[in-house]
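Student: Could you take me through some features of this model, giving the general idea behind each reading before the particular case?

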Amino acid sequence: MTATDISATPVIRVENLSVFYRVGDEEHAAVTNASFALAPGDRLAIVGESGSGKTTLSSTVAGFQSAPNARVTHDAFEFDGKPLDRTVVHRLPHRTDGLSMVFQDAMTSLEPVWTVGSQLISVLRTESKRSGRKISRKDAVREAHEWLNRVGIVDAPRVMGARPYELSGGMRQRVMLAIALSGRPRLLIADEPTSALDASLSREVMELMVTLTEETGAALIIVTHDLNLCLEYAHRVLVMKDGDVVDDEPAKTIRTGAKDPYTQGLLACIPTLASVSVDRLPTLESIARDASLAPERLAS
Amino acid sequence: MTTSRARVTITAQGVQRHYGSRAKRFAAVDDVSLAIDSTRALGIVGESGSGKSTLAKMLVGLEKPTAGTILLDGQDMTDMASRTEGMRELRRTVQMVAQDTSSSFDPRKTLREAVRRPAQLLRGLSQTDADAEVDELLALLDLDPKLTDRKPGQVSGGQRQRFSLARALVVRPRILVCDEVVSALDVSVQGTILNFVKDYCLEHDCGLVFVSHGLPATAFISDDMIVMYKGKIVENGLAEDVVTAPRHPYTKSLIEAYSTSEQSA
């Protein structure tokens with residue numbers, strides 16, 4: 001297969017995916033008719049408030065939807081050119097070859113009793129077996145060190161021997177990223193990958209994810225509440241509200257071209273350094289109120 | 001409601017916290033001294049691993065300092081925490097909202113049970129009175145009372161974070177310690193919660209310790225600000241001064257990182 005063939009097939013194509021949760025006798029729609037397609041190297045950001053369904057959408061796409069009260073429907077779901085059926089909800093998260101995920105909560109997604117090193121090495125060896133590239137244990141250790149260094153962990157030997165609870169929240173998140181990327185995925189789904197990291201480091205981690213996905217031609221889905229980051233690093237932004245996709249815009253133009261008032265409000269909510277001298281931060285409600293009072297907005 | 005209550009102070013003197021064995025000793029918090037007051041809001045910023053969460057845990061008595069003392073109104077906190085009555089006193093005065101709400105709630109109890117329990121235990125309220133206070137707080141926090149019948153795992157992270165805040169405030173603490181309360185939340189919810197916490201602390205005469213890596217949010221909510229780096233305090237001053245005229249190179253680089261991301265976005 002030539003390179004053009006690869007770029008012609010999207011890494012992932014999702015059409016009208018919906019997820020419902022049953023609570024008591026009622027069924028709530030957590031995601032309604034979400035559709036997107038990503039070519040290799042594409043970066044998509046999914047943004048929305050908590051409860052908007054962005055995590056449900058990303059974990060269902062990943063095949064990690066295992067809630068017993070969930071029901072999934074979709075018109076089409078293709079990954080790497082092959083159709084997959086995500087309407088079957090497995091009792092345990094279902095791993096898909098070539099798809100990695102970084103979770104919001106690194107504490108519960110890492111194996112608590114294995115050391116970081118053994119978790120990372122097991123992924124490296126599984127991956128090397130899959131790709132037919134034989135590596136010795138010694139090489140695996142060396143590669144594990146390299147991966148930890150690449151995600152900004154300097155004292156790799158200490159971290160390799162540590163268990164997840166011995167690390168700080170930010171360190172755990174970086175370890176998660178190293179584990180996810182070392183599997184050389186075709187698609188990486190990152191759910192709030194940087195929300196536990198400080199500003200300078202979250203930029204480093206985003207840049208690292210971008211560089212590595214560009215290198216390997218993998219597509220990237222970033223689920224985040226940090227609009228600044230996704231405007232900077234994503235190609236396209238899906239804005240979700242109450243399970244609906246309310247805006248689907250290229251990241252370059254969303255600041256000026258956001259059609260939905262909700263998206264415009266979200267953009268105005270981002271706290272800045274100038275917030276040090278204000279009494280109250282803008283919220284969606286206050287923005288909506290101010291907008292309805294502003295005469296020029298009323299006129300338009 | 002404005003209640004003028006006696007001032008409460010927490011004083012930390014030369015506090016250290018070490019982890020690891022003697023051979024591989026690692027100081028998470030290294031010789032930190034600070035004073036917290038129920039009339040001020042103190043922001044603590046620093047990158048991950050800088051020791052800010054460990055410091056927060058020590059300030060509420062959840063971790064013992066390896067060296068140094070932490071005094072709550074002149075009483076040693078380690079000593080207080082070792083006695084049942086002292087522990088209650090400590091809990092009544094200082095409350096914490098933890099970073100990770102998915103592990104700080106009992107997964108088998110409903111949210112209502114979780115939130116009203118501290119009011120019953122620490123303030124001696126009857127179940128009816130406690131429920132009434134819980135409902136009041138939930139209204140302030142814009143939470144649907146119907147959600148209280150759910151278990152912690154059945155609500156979203158943002159909702160759970162607000163329940164966690166309600167659980168701390170139902171005690172009517174004099175000092176509230178917030179460890180990364182908004183970092184995992186969406187911007188719109190962040191604003192609502194930060195505004196709420198700021199107003200609540202002013203109205204209820206409650207001191208605030210706000211631990212976060214998010215510089216803009218911390219600057220907004222704090223009167224004073226501390227910047228931590230590798231377990232030490234590297235910058236200390238009024239929040240406005242720290243943001244506008246940082247002295248330490250680390251603070252400067254942090255502020256620069258924010259300025260560039262704001263400009264490029």
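Student: Which residue is the bridge partner of A:Lys241 in S11(A)?

Tutor: Two strands pair if DSSP finds at least two bridges between them, and strands (E, at least two residues) and helices (H or I, at least four) are DSSP runs numbered from the N terminus. Here the bridge partner of A:Lys241 is A:Asp244, and S10(A) (residues 236-241) and S11(A) (residues 244-250) pair in the antiparallel sense over six bridges. Two residues lie between the strands of this hairpin, and A:Asp242 takes a positive phi near 45 degrees there. This is a predicted model, in which local features need pLDDT of at least 70 and side-chain atom pairs count only at pLDDT 80 or more, while totals for chains, interfaces and linings use all residues. Residues are numbered from 1 along each chain as its sequence is written, and chains are lettered from A and ligands numbered from 1 in the order in which they are written.

Student: In which sense does S3(A) pair with S10(A), and over how many bridges?

Tutor: Strand S3(A), residues 43-48, pairs with S10(A) in the parallel sense over five bridges, and the bridge partner of A:Ile46 in S10(A) is A:Leu238. S3(A) also runs parallel to S9(A), to which five bridges join it, with A:Leu220 as the bridge partner of A:Arg43. Strand S8(A), residues 187-191, pairs with S9(A) in the parallel sense, again over five bridges, and A:Ile189 stands opposite A:Ile221.

Student: How many residues of S9(A) are buried?

Tutor: A residue is buried if 20 or more other C-beta atoms lie within 10 Å of its own, exposed if 12 or fewer, and partly exposed in between, with C-beta atoms placed from the backbone. By that criterion six of the six residues of S9(A), residues 219-224, are buried: A:Ala219, A:Ile221 and A:Val223 point one way, and A:Leu220, A:Ile222 and A:Thr224 the other way.

Student: At what angle do H4(A) and H5(A) cross?

Tutor: Axes are lines fitted to C-alpha atoms, for helices over the stretch in contact, and angles run from 0 to 180 degrees between N-to-C directions. The axes of H4(A) (residues 116-130) and H5(A) (residues 137-150) come within 9 Å and cross at roughly 110 degrees. Angles under 35 degrees count as roughly parallel, over 145 as roughly antiparallel, 65 to 115 as roughly perpendicular and the rest as oblique, and H4(A) and H5(A) are therefore roughly perpendicular to each other. Two residues are in contact if their C-beta atoms, placed from the backbone, lie within 7 Å; among the residues that meet are A:Gly117, A:Leu120 and A:Leu124 in H4(A), and A:Ala140, A:Ala144 and A:Trp147 in H5(A).

Student: How many residues does each chain bring to the contact?

Tutor: Chain B contributes 42 residues and chain A 41. On the side of chain B that touches chain A, helices H6 (157-169), H7, H8 (215-221), H9 (239-244) and H10 (249-264) each supply at least two residues, and H10(B) gives the most, with nine residues.
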